[in-house]
Amino acid sequence: MPLEAGYDGVSLRKLAGLIAPTSRDVGDLFQNALQEIGTKITSKEQGILFLSKITAADILEGRVDPAQGAAILAHYSRMLNYRYLADFDQMSEMLDLGEYAPPKTQIIRDILAHARMLLSDNL
């Protein structure tokens, strides 16, 4: 999470305090928070990729379960029409295939490897 990573600001604190927010609750807080921490995001795509990298870092640092993180990144992949992050969509689906899937430990290793690659990419 951004606060845990050392970022701070009034809007970011307000966002962090929201419980089950609606888009009305969030309003301009998200964009204001990004400006407060010095992030220059000018498009929906850039915003989703920024959130994707935060999610990847959270997976690698143990704040988010790899299976849950892959599901979040799969959702982001769909939001981007599968232009990026499609591997997370596939890995997330594999976790639901039961006996027809590769071993869960292998899928988790793949999720971690792809999270590392996502953080090393200049998307």
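Which residues does Ser-77 touch, not counting residues up to four places away in sequence? Keep that question in mind while setting up the view; the answer comes at the third stop. The model on screen is predicted.

**Stop 1: the whole chain**

Show the protein as a cartoon. Its secondary structure comes to 7 helices and 0 strands, and reading along the sequence gives the pattern α-α-α-α-α-α-α. With the C-alpha trace displayed, the span along the principal axes is about 45 × 25 × 25 Å. Of the 123 residues in the protein, 33% are buried. Take the contacts between residues at least 6 apart in sequence; 46% of them join residues at least 24 apart.

**Stop 2: helix 4 against helix 5**

Select residues 44-60 for helix 4 and residues 66-79 for helix 5. The axes of helix 4 and helix 5 lie 10 Å apart, and the packing angle is about 170°. An angle over 145 degrees counts as roughly antiparallel, and helix 4 and helix 5 are therefore roughly antiparallel to each other.

Now show side chains at the contact. From helix 4, pick Lys-44, Ile-48, Leu-51, Ser-52, Thr-55 and Ile-59. From helix 5, pick Pro-66, Gly-69, Ala-70, Ile-72, Leu-73, Tyr-76 and Met-79. Coloured by residue type, the residues of this contact divide into 9 nonpolar, 3 polar and 1 charged.

**Stop 3: Ser-77**

Stay on helix 5 and select Ser-77, which has its place in that helix. Is Ser-77 buried or exposed? Its relative accessibility is 0%, so Ser-77 counts as buried. Here is the answer to the opening question: beyond four places in sequence, Ser-77 touches Tyr-82, Tyr-84, Leu-85, Ala-86 and Asp-89.

**Stop 4**

Setting aside neighbours within four places in sequence, Leu-85 has contacts with Ser-52, Leu-73, Tyr-76, Ser-77, Leu-80 and Leu-118. Among these, Ser-52, Leu-73 and Tyr-76 also belong to the contact between helix 4 and helix 5.

Leu-85 is also a member of the largest nonpolar core, which has 18 residues. Which members of this core touch the most other members? Select Leu-73, Leu-85, Phe-88, Ile-111 and Leu-118 to see them. Then colour the helices that supply at least two residues each to this core: helix 4, helix 5, helix 6 (86-94) and helix 7 (104-120). Helix 7 gives the most, with 5 residues.

**Stop 5: the loop between helix 5 and helix 6**

Select Asn-81 and Tyr-82. Asn-81 has its place in the loop between helix 5 and helix 6, and Tyr-82 lies in that loop as well. Check the backbone angles here. Most residues other than glycine have a negative phi. Asn-81, although not a glycine, has a positive phi of about 55°, and Tyr-82, also not a glycine, has a positive phi of about 65°. Asn-81 has a relative accessible area of 61% and is therefore exposed. For Tyr-82 the relative accessible area is 44%, so Tyr-82 is partly exposed.

**Stop 6: the loop between helix 1 and helix 2**

Draw a distance from Tyr-82 to Ala-20. Ala-20 and Tyr-82 are 62 residues apart in sequence, and their C-alpha atoms are 27 Å apart in space. Ala-20 is found in the loop between helix 1 and helix 2. With a relative accessibility of 68%, Ala-20 counts as exposed.

In the loop between helix 1 (10-17) and helix 2 (23-26), select Leu-18. At 29% relative accessibility, Leu-18 counts as partly exposed. Beyond four places in sequence, Leu-18 is in contact with Asp-25, Val-26 and Leu-29.

**Stop 7: the loop between helix 6 and helix 7**

Finish at Ala-101, which lies in the loop between helix 6 and helix 7. Is Ala-101 buried or exposed? The cut-off for buried is under 20% relative accessible area; at 18% relative accessibility, Ala-101 therefore counts as buried.

Ala-101 and Lys-40 are 61 residues apart in sequence, and the C-alpha to C-alpha distance between Ala-101 and Lys-40 is 40 Å.

Definitions and conventions:
Residues are numbered from 1 along each chain as its sequence is written. This is a predicted model: local features need pLDDT of at least 70, side-chain atom pairs count only at pLDDT 80 or more; totals for chains, interfaces and linings use all residues. Side-chain values use heavy atoms; hydrogens and water are left out. A nonpolar core is a set of buried Ala, Val, Leu, Ile, Met, Phe, Trp, Tyr and Cys residues joined through side-chain atoms within 4.5 Å. Buried means under 20% relative accessible area, exposed over 50%, partly exposed in between (1.4 Å probe, protein chains only). Helices (H or I, at least four residues) and strands (E, at least two) are DSSP runs, numbered from the N terminus. Contact means heavy atoms within 4.5 Å. Axes are lines fitted to C-alpha atoms, for helices over the stretch in contact, and angles run from 0 to 180 degrees between N-to-C directions. Angles under 35 degrees count as roughly parallel, over 145 as roughly antiparallel, 65 to 115 as roughly perpendicular and the rest as oblique. Ala, Val, Leu, Ile, Met, Phe, Trp, Tyr, Cys and Pro count as nonpolar, Asp, Glu, Lys and Arg as charged, and the others, Gly among them, as polar.
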